[in-house]
Amino acid sequence: MPTILKRIMKEKFITHQQKKKIQSLCVHRQKPIQDLLIDEKFITEKEFYNLAAKVFSGAVIDQDDEIIDPDCIDLIPCHLAKRHGIFPIRKEKQKLLLAMSNPHDLIAIDDIHLITGLMIKPALCSKSRITSFIKEYYLKKESVTHLLKNIHVGSIAREDTAGFACDEENQDITETGQQDSHLLKLVNRIISDAVDVRASDVHIEPQEDGLCIRYRIDGYLKHVVDIPLSLLDRIIARVKILAKLDIAEKRKFQDGRIRVMVEGRKLDLRVSMVPVYHGEKAVIRILDTESTKFELNDIGLQPDEKAVFTEAINRPQGVVLLTGPTGSGKTTTIYSALQHIKNETRNIVTIEDPVEYLMEGINQLQLNRVKDITFANGLRSILRQDPDVILVGEIRDKETADMAFRSSITGHLVFSSLHTNNASSSIIRLMDIGLQPYLIASSVHLIVSQRLVRVICPHCKETYTPDKWLLDKFNFYLDRVFVGQFLRGKGCRRCDFTGYRERTSIFEMLNVNQKIKNLIYQKASESMIFQEAVRNGMKPLAQSGVEKVAQGLTTLEEVATVADVEEMGQDVQISDFIYSHPLNQG
């Protein structure tokens, strides 16, 4: 690829010395030049293929509207396409236009020529686009809909071609008949499809006239397919076998776990079975143990928020509380904090319900009410384990709260969570539980309330003007946070036409300083605590959300779904608010 290298040097992406380094790495690592250029961050994938399109003039495939002939898919087996990083685009007379991540891979070209009997016309294409093509076209043949059409006919080998495999400890080695072979593939496909679309949960719901499969993607449930009700018992039995649950028990709640491999990725699946009117409903929570990285830089903290948060979690003792409804990202934030402060000099012990992710170097205890392991007595045992840092999954009662807060006074850093609407209401909630004001004031350093908002799809961003009622609703914050332009996702194939892809957090951080402590001692109202916190620099959730809007990360519509603009109350004066974030200087 000397021509493209010259063009990249001409555009000043790399120097002559860096070019030599890349060529040397290419030989040693046996990787295409473009992959090394992108991996080493000399150039972005988009920049590279924009230049390549100019250099190769037509021999580059990186367009969404590329014409693909589905009949060509049968010319090359899926495993070869994956192995060589190629994809058949279409036939042009006696030539096969072949998308390749490395057009100079002569071995791949010769292999495909021998298999197809056609002359090969290589075209440069990004790895990500080829992977997308393979998933869209090859895996269509193993889709849930296709398997349902063939569930009663034909013969499919026991081999799992959906890319889904269980660890040996969970592998079902029972001999299965022809119909069960189809069924295994159907269950596998449901789960691997969910992983493919980034679903966090799979819902298998028996209805009066069928079985409804839904995925939760970016916080919202999406209907996927309906399955005949006659398959309910066998599908539920298959999931139970994988999770080592009692297949004969259909009237009790059951919980289990499955450890699987999906396309080379290790996943933990948490399974919950509940008897409902038309049968048993299964919910499978997908926990990606490999790709989930608990880093403070990745959870959505603004620079000023990160400074406040890191100062609190680096203290030797005290309480840090995370609040918010279920599914607001509290666990991820707490795990990121533990990952940040973890080192060989600290003994970190957790008690959770349940343990969602296993973290190396941290001692994690699972709640088990059958064996009388509760938050309260589990915490009592943990205190005898010489801990430096303690995570109590959730504060639910006075006994747990009292022990956790007293532990912080005796020299421990304690993390925990509460289910409250905002940071200031957490203090009132703790008093309602029965904690004494002096214990709260002397223990709590920081209370963080958070929500998750969907991120605008980067592939279909466009400018727009929000509805007037929405602008009026956020008028208080829009007057203080400069928003240069409002963005939204138009909707495209990559975001499933929702306009959003992935999620990020917005935060409200109540730093418990001396003024807040005095209000706690006086048993002040939630409104008074909120006002004082804002005067001392706390940003309400709505403001944090509007800052994300100003950065082009999310939309006002998203912020409106999770942040109550009215929560600040009518008695809070505009002059009370402190706006020190750089975004507010416009």
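Mentor: Let us start with burial: a residue is buried under 20% relative accessible area, exposed over 50% and partly exposed in between, with a 1.4 Å probe and protein chains only. This is a predicted model, in which local features need pLDDT of at least 70 and side-chain atom pairs count only at pLDDT 80 or more, whereas totals for chains, interfaces and linings use all residues. Residues are numbered from 1 along each chain as its sequence is written, and side-chain values use heavy atoms, with hydrogens and water left out.

Trainee: Why is strand S13 called largely enclosed by the rest of the structure?

Mentor: Strands (E, at least two residues) and helices (H or I, at least four) are DSSP runs numbered from the N terminus. Five of the five residues of S13, residues 348-352, are buried, and therefore the strand is described as largely enclosed. Ile-348, Thr-350 and Glu-352 are buried on one side, and Val-349 and Ile-351 on the other, so that both faces are covered.

Trainee: What makes S13 and strand S15 a pair?

Mentor: Two strands pair if DSSP finds at least two bridges between them. S13 and S15 (residues 389-392) have four bridges in the parallel sense, with Ile-390 as the bridge partner of Val-349. Four bridges also join S13 to the parallel strand S14, residues 363-366, where Val-349 stands opposite Asn-363.

Trainee: Why is Thr-116 called buried?

Mentor: Thr-116, in helix H6 (residues 106-116), has a relative accessible area of 16%, and because that value is under 20%, Thr-116 counts as buried.

Trainee: Why is helix H19 called roughly antiparallel to helix H20?

Mentor: Axes are lines fitted to C-alpha atoms, for helices over the stretch in contact, and angles run from 0 to 180 degrees between N-to-C directions. H19 (residues 514-521) and H20 (residues 526-535) pack at about 175°, with their axes 10 Å apart. Angles under 35 degrees count as roughly parallel, over 145 as roughly antiparallel, 65 to 115 as roughly perpendicular and the rest as oblique, so H19 is roughly antiparallel to H20.
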